[in-house]
Amino acid sequence: MTLWKTIILLSPSIPVALAFAQTPDPGPNEAGRGATVSVDATPTQRKTEKSPNPPRPIDHSRAERGKAVYQRFCISCHGEQGDGHGYSAQWLDPRPRDFTRAIFKCRSTPSGTLPVDADLLRTLNEGLYHTNMPSWAVLGERQLRDVIETIKTFSPRWKEEGPGDPIATTPEPADDPTSRSRGKGVWNVLACFNCHGQTGKGDGPSVPTLFDDWGFHLTPFDFTSSPHRKCGNTDKDLYRTFLTGLDGTPMPSYGESV
Amino acid sequence: MRGTICISVAGLAAGLFAFFLSGLFSPVATAVPAFARKTGLACSGCHEVWPRLNDFGQLFRDRGYRIGRDRDKPVDQDPSYWPIAMRTTVGYQWLRQTLVPTDAGPVTTQTGTFGFTGLDVFAVGTLGDNLSFLITYAPGLTGSGFQIAPTNLDSDLESAFIGFHDIAGTPFLNVRVGKHAPDLPIDEHRTITLTQGYNVYHFHPQGSSVAWEPGENQPGIELYGHSDLSRFRYSFSLVNEKGSELFSNNVISNPVVWGHLTGERLLDNGVLAAVKAGVFGSVGWHPAAALMLIPSGGGAPVAVQGTGSALKEHFRYGGEVHLRFLSVVNPLTLSGVVLGGSESRQLIAGAAQDARFLGGFVEGVWTINPRLSLIGRYEQIQTTQQGDPKAPKAAGDLRVWTAAIRHTFELTSRTEAALQLELSRVGTDAGDGTTPETFTGLIAFDFTM
């Protein structure tokens, strides 16, 4: 899938995006947003109008079983306390997820909300490209669901709120010259080039200012380097990433505006 | 004085008990240094108990040492990363042998020696996108083997292969070229017993001239494949008969074809977590005749290499079942392997008929947690038909049991060290109504870095 083809997924939203284009929204990851054309069409990072869903109880029997999975497979990177400070963490780039804050990049839920189990299961099954997180599908679903419950025990957020409601996905527009042209328009309006660069190589002018919520410098994805993206390779996965954002990173959500 | 010794022994026993007990409550796990340094994963990510592979480790190996998230190429690694690792075992070995012949008649001998097993130097990893390699160098060390019967006097490359993976884009097509381990029901190179391997992988009928042993790494080509998660695997190796004293006059001398198919099903329940079953077998050809040459200085005639002819067959065949109870993460695994074999009478000195044997083993490995494992194995091999009809039918038959406790007390992504307590007994039928026995006790530190 080409870069422009991925953008056309959002192309029907151009008028909406333009309407929001001048709305300022300083946030924790402002550095990642456009300098010339504000991407305020988007920014719903971590802030949702809707009050959180009620918490779902953690399955403690599963969480207990999941400890064995966590201790064997996860602890070296994510740490005994789930804080991302395993003994291998200092050598890894990007750093392992800190489960104590319950902020997850790959979700089907709005920015700032907790993911549903299916999101975490997808990450465990697929792994995360361009990171040291492998696919753990070989362990079987039972073990993965167990360790998901264990992961929930690391952050009090899971006791205070429930996962967000998964976003709806709209039918994909046809891949034709018109839609690609619309996609280019979205790319420009949302100023994606500020981070991802004019040619999608991840070398935009904002790169030096990009840091994640833990203060580690991030490099935007280079769309020309690999067909594999962190949160999935299908059109639907990419659409979901646009709408939900990558929480904890400067990549905002476009869900509210699109 | 006697009281002091008793107290010391009791103290030592209590200390060891406490040391092993501490493994029950240790939460963290790790292991294989070169790979762990590369992936950041703990050794326990790939090893149920080092060096025994778990499902994730088997898949990693099948994929050609690749995680598969666009971070496997050598150019993707930190420049300081070097895919080298070493392993050895040091400690104390007690050996007791019965019915050892002497001029004074059969006696029981006993030795207790400090020493080491030898050294393996591994270089292993990826050469490119779909390209892997493995080199295992085992230097000849005369002091190895706990000072008794050194086992590796000759330096050798135990393994040396290059692997081509996902040929035509499918995991079902992979090729390894070079000296490799035939795919076995339980990999002997990753056994967690140190005084005994799997004798049935090395067994020959009495008088056999065949050198092929599936437990030995063999030079050749392996074609293998696996499903996405390696639940289904196949492997076919075409190799020369390693170690043969006579090579035949063929394009591929003394060829052996080994095949192994396995299927596994995860049941994902808390009692029986997974079941794996498989079949395997080999057919090989060994020359029964050759041109001879009397050395110019005199002496017994010797066979001229490359003139071997009159190829005769030898076979191995069998099946396996592995039941993993409790969990696939820290399982109690019960394995049963049956392996039979036959060798043509022309390949056995003084034989009037083909020779056959049937053997196998049952093994239980309980990995209580990544740091503590209990191992027990019983192995039996019986000759069902001797090549020489007049020979005692049971001559050479084996009965072996092995029990061990392994406590991995150091686990990081850089190093791993384990304390092993092991006891084994081997009884070999002498064919004269007696069964000499060898008892081996081992207290050793097995470590890798």
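In the predicted model, one face of helix α3(A), comprising Arg62(A), Ala63(A), Arg65(A), Gly66(A), Lys67(A), Val69(A), Tyr70(A) and Cys74(A), meets Gln143(A), Arg145(A), Asp146(A), Val147(A), Glu149(A), Thr150(A) and Lys152(A) of helix α5(A). By class, five nonpolar, three polar and seven charged residues make up this contact of α3(A) with α5(A). The axes of the two helices, α3 spanning residues 60–78 of chain A and α5 spanning residues 141–152 of chain A, come within 7 Å and cross at roughly 95°. Because crossing angles of 65 to 115 degrees count as roughly perpendicular, α3(A) is described as roughly perpendicular to α5(A).

At the level of domains, chain A is divided into domain 1, made of residues 3–50 together with 171–244, and domain 2, made of residues 60–160. Between these domains of chain A, 16 residues of domain 1 are in contact with 17 residues of domain 2. On the side of domain 1 of chain A that touches domain 2 of chain A, the residues divide into three nonpolar, seven polar and six charged.

The contact between the chains draws 31 residues from chain A and 28 residues from chain B. On the side of chain B that touches chain A, helices α3 (43–46) and α4 (55–62) of chain B each supply at least two residues, and α4(B) gives the most, with three residues. The composition of this side of chain B is 13 nonpolar, ten polar and five charged residues.

Within chain B, strand β11 (residues 272–289) pairs in the antiparallel sense with strand β10 (residues 255–266) over eleven bridges, and also in the antiparallel sense with strand β14 (residues 309–325) over 16 bridges.

Elsewhere in chain B, Thr136(B) is found in strand β5, which covers residues 131–138. Thr136(B) counts as buried because 21 C-beta neighbours lie inside 10 Å, the threshold for that class being 20 or more. When neighbours within four places in sequence are left aside, the contacts of Thr136(B) are Asp120(B), Phe122(B), Leu157(B), Glu158(B) and Ser159(B). By contrast, Gly336(B), 200 residues from Thr136(B) in sequence, lies 29 Å from Thr136(B) in space, C-alpha to C-alpha.

How values were computed. Residues are numbered from 1 along each chain as its sequence is written. Chains are lettered from A and ligands numbered from 1 in the order in which they are written. This is a predicted model: local features need pLDDT of at least 70, side-chain atom pairs count only at pLDDT 80 or more; totals for chains, interfaces and linings use all residues. Helices (H or I, at least four residues) and strands (E, at least two) are DSSP runs, numbered from the N terminus. A residue is buried if 20 or more other C-beta atoms lie within 10 Å of its own, exposed if 12 or fewer, and partly exposed in between; C-beta atoms are placed from the backbone. Two residues are in contact if their C-beta atoms, placed from the backbone, lie within 7 Å. Domain bounds come from an automatic or database domain assignment. Ala, Val, Leu, Ile, Met, Phe, Trp, Tyr, Cys and Pro count as nonpolar, Asp, Glu, Lys and Arg as charged, and the others, Gly among them, as polar. Axes are lines fitted to C-alpha atoms, for helices over the stretch in contact, and angles run from 0 to 180 degrees between N-to-C directions. Angles under 35 degrees count as roughly parallel, over 145 as roughly antiparallel, 65 to 115 as roughly perpendicular and the rest as oblique. Two strands pair if DSSP finds at least two bridges between them.
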